[in-house]
Amino acid sequence: MSKKIFTLALSLMLVVSLSACGAKTDKERFRDATVEIACDVIKPSLENLEAMADPAKLQEIEEKTLEILKKHGFENQEEYEQLGEQFETDAEFKKEVEDAATAKCGSLDPSAE
């Protein structure tokens, strides 16, 4: 009987530990979401500022942003922004995010290209 309990407990511990593998930290989720938003939402918007006057385009941008946030485990933009407040003064992390965005999609400054 105790061998079955031990085996069951060991199996449960293994399942719990494996489910945590690959789980990203809040900092990683925030970084990845920020980079994806910068490259897939902000950069294209900066390249076509005239389209920003179109309410339908703004709605599309909001929807794309929310889709990205949900992909990275955020329920809504407020949750993302609250988490971001924790990293506001972390210059090293800001640089990490900027470098990751630049590596993925180049400069966010359209005049630099």
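Here is the tour, with something to select at each stop.

Before you click, note that this is a predicted model, where local features need pLDDT of at least 70, side-chain atom pairs count only at pLDDT 80 or more, and totals for chains, interfaces and linings use all residues. Residues are numbered from 1 along each chain as its sequence is written, and side-chain values use heavy atoms, with hydrogens and water left out.

**Stop 1: K27 and D90.** Select this pair and you'll see a salt bridge, 3.1 Å from N to O. (A salt bridge here is a side-chain nitrogen of Lys or Arg within 4 Å of a carboxyl oxygen of Asp or Glu.) K27 sits in helix 2 (residues 26-47) and D90 in the loop between helix 4 (77-85) and helix 5 (91-105), so the pair ties together parts that are 63 residues apart in sequence. Helices are DSSP runs of H or I, at least four residues, numbered from the N terminus. Both ends are partly exposed: K27 at 33% relative accessibility, D90 at 23%. For these labels, buried means under 20% relative accessible area, exposed over 50%, and partly exposed in between, with a 1.4 Å probe and protein chains only. In the whole structure there are 9 salt bridges.

**Stop 2: E36 and K71.** Next, pick this pair: another salt bridge, 3.1 Å from N to O. E36 belongs to helix 2 and K71 to helix 3 (residues 55-71), so parts 35 residues apart in sequence are tied together. Is E36 buried or exposed? E36 is buried, with a relative accessible area of 10%, whereas K71 is exposed at 59%.

Stop 3: Zoom in on D32 and R31: their closest N and O atoms are 3.0 Å apart. D32 is buried, its relative accessible area being 16%.

Stay with K24, found in the loop between helix 1 (2-20) and helix 2. K24 is partly exposed, at 46% relative accessibility. Leaving aside neighbours within four places in sequence, K24 is in contact (heavy atoms within 4.5 Å) with R29 and D32.

Terms used
Helix = DSSP H or I, 4+ residues; strand = E, 2+ residues; numbered from the N terminus.
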